[in-house]
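Biologist: I am new to this one. Please take me through it, and say each time what a label rests on.

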Amino acid sequence: MFKAAALGVLCLSTFATASQQLAERQSANVDSCPGYTAKNVKTGRGTLSADLVLAGTACNAYGPDVQNLKLAVTYEDETRIHVKITDAKNKRYEVPDQIFKRPSGSAVDDKKADIKFNYKSSPFSFTITRAKTGEVLFDSSAGALVFEPQYLRLKTKLPSQANIYGLGEHTDSFRLNPSNTTRTLWNRDAYGVAQGSNLYGSHPVYFEQRTSGTHGVLLMNSDGMDVILRDGSLEYNVIGGIFDFYFLSGPSPVQVAQQYATLVGKPAEVPYWGIPLETMWTDIDYMYKRWTFTNDPEYFPTEKMHQITDYLHKHNQQYIVMIDPAVAYQPNQNYGAFDRGVKDGVFMKFPNGTLFQGVVWPGPTVFPDWFHPKAADYWTGEMKRFFDPKTGIDIDGLWIDMNEAAKWARETHPAGFAAAAGNPPPRPAPPPANGTQIFQKRQNSSANSTSSTENLLNPPYAIHNALDQLSQHTVRTDLIHANGLTEYDTHNLYGFMMSVNSQKGMEARRPGKRTLVITRSTFIGAGTKVGKWLGDNLSTWDHYRWSISGQLGMASIYQIPMVGSDICGFGGNTTETLCARWATLGAFSPFMRNHNGDTSISQEFYRWPTVAEAAKKAIAIRYQLLDYIYTHFHRQSKDGTPLIGPMWFQYPADQNTYPIDLQFFYGDYLLVSPVTQENSTSVDIYLPKDTFYDYFTLAPVQGSGAKVSLTNVNFTDIPLHIRGGGILPMRVESAMTTAALRQKDFQIVVAPNASGTATGYLYIDDGVSLSQTKTTDVTFQYAKGTLKASGKFNYNVGSVKVAKVVFLGIKSQPKGVSVSGSGAKSKGFKWDAATSTVTVNVEIPLKGAFSVTLKS
């Protein structure tokens, strides 16, 4: 969250000289460096080790070359190779085990592996190849290996015009420009989410798609870096740590996603209620002077907050508020969150022991040191105390912000800067009068870190940070954490660690229940704990379009499926047509929320007739599809299969799909193709050579591997198609809440492919518990005119039944219908010749296997 104020202007003079130094800090000729020679190579079952010795005169591009390195290669399973290069004599910083727990177990036989590690001794380089074909997937001979205290460089060859995806967080195209892209990974407060810049999260992983298959490459490193993509090459320039690579074989895109999830952790299960739009969200406005873990006694008194939560919970709705990591520096003010943190010693400090201060919304602030041994208990204690259901605010989920970590001033004069910038900001209106009703009747109306001798503020190599210095608008990078690690090395972990501790806090105050925590800053593995919103976007058509690639990256590459943007935009003023289109698109984001800044016009869906109609229609579809969505969420939490994905995930052999990032699949079978041009009522969409069905008419549409023009697409509509081969479990109608929706019957939509077969799944549980004792997990299969449902039917759905089965693509009228299963009944059918559909009305209890057959 960042208000449209000139908060950064006051700092610019401090950094005036930094931008003048950038060119020389990025200009060393590393191609002339000597590289290394591999010696003392030892091989074992699935392992290889070697000494890497500097091969010539040191180039000292950005510091002294390390003379001796250690190479370790491990075939961790048949689909994954781990390649690690580090200093042979001096301990270097590595991502701590508490952040990323390395896979354990013995190496597998390299002869059985899908990919192979090969090397050249002098100058040392290595390749990763496919075992069956010998195809080279990674080749480090593209440039000299450079390994210095604060600069690492490794360059790999790529095919011309390579299809590279990932290396986020960014708002660039989903397929990165292969000829001129520099992806900088250094988390920052990035109001406006500009293209071509580093944003809130760091994910140094990429997938490469070729017609021969897909593979993935992860560099497990949290230091700042530039990843430079040019035609024919990809180059890493990293300012610390080690080279810690993981190579994933695929060969399909979904398999790479699954392998990545296995490596970094599978996403957390989400509560059923967290998917739809039935939650009230409150920004930091509720706080007293923006102090974390407080509420304003005049504007948001506790008794009024109780009225809000009691009303929402009585109506089966939820309440979520925001908290920030920065704690107001308020000594001797009886501010418990500050006082207890000081007592426990959990805030970040200068080497002399004084508290490090920055300026954020409350004014002068201090920051939790998440590496402190008492930090987790401190944070959990504050959450349990402030969000106590009886004495505090009874929240259902949590929204965490400003956790890159963000700050706005140099630490030398935080109080003066805060006063000049107006932080905390004044209230725009007086508090509500005593007795003001909150809810009224509706009226009818319209550990081992970088050496202390190194420059931790201005390293020799300057990454292409959007700000001039690493510490600009964030915590000083020369601070030392409680465990001895530097902020320089761990900066990109700050938001992830807040996420972990906030999720623990929610589990502690709601034992046994799934958590819903939405964060802004992320790192590798964040999806195991939290969801993600795409930050402070703007109310423009560009940002509407960028939101699609943003959520594709998070869900399908980085394994954070609970993702979405601020619908209609956060900053600036939206328009009726933009908000209407965004409402329809947002209904097909895994995370759906309409939120904007307090300096923008109000943009609730009901404020424009067109937007209200668009939202009602799209949300009704979302609710009807909620069990289809929930089933795919569950599947991603189990095996990493993405909930949403780009078209090439389903059609990896179709090169036309590789650059498409304005259409996507929701689950395996629902193709979403929004109108993306301003004030347009038409859109050109791509349909691969396959069978599709119009979602609204259910009529078949044959794709030919070409673009199709859709016209007269009303501002209240969004084009949707069902991919042939899918079976969609849906509710027969929508509802106002998930509690009401779970009482609705099911309809099953069968969409055969060209071979006349289809498959689908349905997962049901109680929607809230961490541990499920009884679940329903059904597999649907269709072939030769018969739909079969089999699996587990252990969850008690009460009186809910399958009330309808709709068969698509049936070109002739069946002679009859038969239904089998315990308690199953047929109540007649209807064939629609115009749309080639057969609708069978049934009564089938969801308590056991069943089948429905069309008689020919």
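**Labels and what they rest on**

Biologist: What makes you say that the charged end of R593 sits over the ring of W533?

Modeller: The rule asks for NZ of Lys or CZ of Arg within 6 Å of the ring centre and within 35 degrees of the ring normal. The charged end of R593 is 5.5 Å from the centre of the W533 ring, and it is listed as sitting over that ring. R593 also sits over the ring of W281, 4.8 Å from its centre.

Biologist: What kind of model is this, and how are residues numbered?

Modeller: It is a predicted model, in which local features need pLDDT of at least 70, side-chain atom pairs count only at pLDDT 80 or more, and totals for chains, interfaces and linings use all residues. Residues are numbered from 1 along each chain as its sequence is written, and side-chain values use heavy atoms, with hydrogens and water left out.

Biologist: What is the average pLDDT of the chain?

Modeller: The average is 95, and 95% of the residues score at least 70; pLDDT is the predictor's confidence in each residue, from 0 to 100. Over residues 2–18 the pLDDT is below 50, although this stretch has 32 contacts in the model beyond near neighbours in sequence. Contact means heavy atoms within 4.5 Å. Where pLDDT is low, the predicted coordinates should not be read in detail.

Biologist: Why is S600 called buried?

Modeller: Its relative accessible area is 14%, and buried means under 20% (exposed is over 50%, partly exposed in between, with a 1.4 Å probe and protein chains only). S600 is therefore buried. It lies in the loop between β27 (593–594) and α11 (609–624); helices (H or I, at least four residues) and strands (E, at least two) are DSSP runs, numbered from the N terminus.

Biologist: Which residues does S600 touch, leaving aside its neighbours within four places in sequence?

Modeller: F570, G571, G572 and N573. A polar atom of the S600 side chain lies 2.8 Å from the backbone oxygen of G572.

Biologist: Why does A735 count as buried?

Modeller: A735 has 16% relative accessibility, so it counts as buried. It is in the loop between β36 (726–731) and α14 (738–741). Beyond its neighbours within four places in sequence, A735 is in contact with Y623, A740, L741 and K744.

Biologist: What joins the side chains of N163 and R175?

Modeller: A polar contact of 2.6 Å. The term means a pair of N or O atoms within 3.5 Å; within protein, one must be able to donate a hydrogen and the other to accept it, and residues adjacent in sequence count only if both atoms are side-chain atoms. N163 lies in strand β10 (residues 163–168) and counts as buried because its relative accessibility is 13%.

Biologist: What makes W541 and Y544 an edge-to-face pair?

Modeller: Rings of Phe, Tyr and Trp (its six-membered ring) pair if their centres lie within 6.5 Å; planes under 30 degrees apart count as stacked, over 60 as edge-to-face and the rest as tilted. The structure holds 44 aromatic pairs. W541 and Y544 are 5.4 Å centre to centre with 75 degrees between the planes, hence edge-to-face. Both residues lie in helix α9 (residues 541–557), three residues apart, about one turn of the helix, and both are buried.
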